[in-house]
Structures are given as structure tokens and as C-alpha cells.
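Good morning, and thank you for making the time. Please keep the sequence and the structure in view as I speak.

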Amino acid sequence: MDDFINAHLDLGCWRVVPMLVFGNDQRRMVLLAKYICLLMPSPATNDHLRCDDSTPDSCLRCKPKVHDICCDLCHPAAFEKFKAPILPKPTKQPLKSHIKPYTMTLKGHNLQDALFDWRDIKALLKFKPAIVENFGPGLFISDDIITRIIDCAQAGKILMVTQFIKETSWRDDWANEFGPSLLLLVHEHYPPPAPTASTRAIEGAALADVQPPAPRKQAPQRCSACQELGHNSMLIVFYVLYI
């Protein structure tokens with residue numbers, strides 16, 4: 001096993017070790033040229049000689065085929081198309097909110113029934129009726145995601161589509177397409193909280209950041225010695241010292 005693992009360091013061919021271990025060299029003549037394995041048929045032991053002994057090559061149908069390509073160590077260019085692409089490193093997903101344990105109320109059960117009805121309708125927009133009948137509407141959005149929606153709805157965690165994607169990890173394209181109608185359904189049972197003074201202040205500050213700031217008017221200079229406008233005390237010091 002060590003020879004096989006390190007074949008690229010010593011032998012230069014992956015097929016040498018298994019061929020010797022399993023005795024394949026007893027049925028074929030092995031030629032090693034610069035540690036490259038070429039398998040050639042051995043006329044002394046191959047069974048195809050029993051079919052037709054009238055020609056030097058015997059039976060062409062049973063004759064073992066000679067491969068021009070050995071392995072990726074002997075012929076690297078032949079295996080380039082089989083190399084797995086290097087995938088980019090996945091970005092770290094934002095953490096979901098922690099929902100404290102709670103007892104589902106009648107409002108939560110009503111939302112659950114409404115979400116199941118909504119799912120039955122929307123699933124037919126993505127899949128054919130036969131597929132929905134065979135695999136169920138959970139193929140569109142699973143029961144676990146619906147349970148997560150109810151948990152986040154009672155905690156007030158999904159107010160926008162971006163929050164919905166973060167909390168449920170549903171497909172982004174489907175969430176952007178069906179998220180608005182789903183949020184309307186959720187907000188019918190769990191209305192979003194009314195904006196408070198702090199949220200209005202934050203929204204106002206965000207809006208102010210978007211608008212260009214008004215130019216600031218510079219106050220005129222005032223001398224700290226004589227309290228007159230138009231100059232400062234350093235001008236008086238300069239006048240006394242140099243004039």
C-alpha cells in the first residue's frame with residue numbers, strides 16, 4: 001500500500017504495484033522504460049491462442065487490447081479533462097436568530113394552516129400537478145421552513161425579505177419571487193410593530209445621510225484681546241513686534 005500511495009515519487013506509474021500484487025505480470029510481459037509501464041500481450045500464456053492458431057496474432061476477437069494510455073502519471077495530458085475544478089471558498093452565512101421556547105397559540109396554528117394553503121397554491125406555479133401529487137408540496141417549501149417561519153413570526157424576526165432569507169435559508173430566487181406575498185400572509189396574523197420614536201430617528205438619520213449636507217457658514221474672526229471682528233490677537237502681537 002505504501003508503494004502504491006507513493007508511486008508518483010518512486011515508480012512513476014500507478015499500475016505497477018497492483019499488477020505485481022495480483023500477478024498480472026504472469027499473464028503479460030511488462031516493459032519498464034524510465035518507470036513507465038507498457039502492457040503487452042504474452043503469446044505464451046494468453047487464452048486467445050486457443051481460438052485460432054493459424055495466424056501469428058491468433059484470434060483478433062479474443063486478443064487483449066493494448067492501451068495507448070496508462071495513467072495520469074504516465075500520460076498527464078490525457079487526464080486533464082477529468083480534473084475536478086477548484087471551487088471558491090463558500091462565504092460564511094449570517095447566524096440565525098435564537099428563538100426562545102414558547103407554546104404555540106391559536107394565532108400560530110391559524111398561520112400554520114394559512115401557510116400550508118399558500119404552499120399548495122404556489123407549488124403548482126413551480127412544478128407540474130403530477131409532481132406535486134407524487135412528491136407533495138413540501139418539494140417547494142419544507143415543513144421545517146414553515147415551522148421556522150412561525151417561530152420567527154411570533155418573535156417579530158421577519159419583517160423584510162432579506163430577514164426571511166437569513167432566518168429560513170430558503171432558495172434566494174424563490175424567496176425573492178414569493179417572499180413578498182408570504183410576508184403579507186405572515187403580517188396578517190402577526191402585524192409588524194409600529195415604528196417608535198427611536199426607529200423614526202434612525203430612519204431620519206439614514207435619510208439625512210443620503211441627502212447632501214448643507215454648506216456650513218463660517219463665523220467671522222473675533223479678536224480675543226480687543227473683541228473686534230475681522231482679526232485675531234496674533235495680528236496684534238505681530239504688529240507690536242515687527243512694526
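This is a predicted model: local features need pLDDT of at least 70, side-chain atom pairs count only at pLDDT 80 or more; totals for chains, interfaces and linings use all residues.

Let me begin with Cys74, which counts as buried because its relative accessibility is 13%; buried means under 20% relative accessible area, exposed over 50%, and partly exposed in between, with a 1.4 Å probe and protein chains only. Residues are numbered from 1 along each chain as its sequence is written, and side-chain values use heavy atoms, with hydrogens and water left out.

A disulfide is defined as a pair of cysteine sulfur atoms within 2.5 Å. The closest cysteine sulfur to that of Cys13 belongs to Cys70, and because the distance is 3.4 Å, the two are too far apart for a bond. Cys74 is likewise in no disulfide, its nearest cysteine sulfur being that of Cys13, 3.7 Å away. By this rule, the count of disulfides is 0.

I turn now to the overall architecture. The protein has 9 helices and 2 strands; helices (H or I, at least four residues) and strands (E, at least two) are DSSP runs, numbered from the N terminus. In order from the N terminus, the elements run α-α-β-β-α-α-α-α-α-α-α. Of the 243 residues in the protein, 23% are buried. The protein exposes about 18500 Å², of which carbon and sulfur atoms supply 61%; accessible areas come from the Shrake-Rupley method with a 1.4 Å probe, and for residues only the protein chains shown count as cover. Among contacts with a separation of 6 or more, 47% are between residues 24 or more positions apart, where contact means heavy atoms within 4.5 Å.

Next, the interior. A nonpolar core is a set of buried Ala, Val, Leu, Ile, Met, Phe, Trp, Tyr and Cys residues joined through side-chain atoms within 4.5 Å. Which members of the largest core touch the most other members? Within this core of 28 residues, they are Leu115, Phe140, Ile149, Trp170 and Leu182. Two or more residues come from each of helix H3 (106-126), helix H5 (143-155), helix H6 (161-168) and helix H7 (172-189). H7 gives the largest share, 7 residues.

Phe140 deserves a separate word. Setting aside residues up to four places away in sequence, Phe140 touches Trp118, Arg119, Lys122, Ala123, Lys126, Phe127, Trp170, Trp174 and Phe178. One of these partners, Arg119, lies in helix H3. Arg119 counts as buried because its relative accessibility is 8%.

Let us move to helix H6. Its buried residues are Val161, Phe164, Ile165, Glu167 and Thr168, and the elements covering them include H5 and H7. Why does Glu167 count as buried? The reason is its relative accessibility of 2%. Neighbours within four places aside, Glu167 is in contact with Lys96, Ser97, Arg148, Cys152, Lys157 and Ile158. Ser169 sits in the loop between H6 and H7. Its phi is near 60°, a positive value in a residue other than glycine. In general, most residues other than glycine have a negative phi.

Glu228, in the loop between helix H8 (197-210) and helix H9 (233-242), is partly exposed, with a relative accessible area of 48%. Beyond residues up to four places away in sequence, Glu228 touches Gln221, Arg222 and Cys223. Met1, found in the segment before helix H1 (2-5), is exposed because its relative accessible area is 73%.
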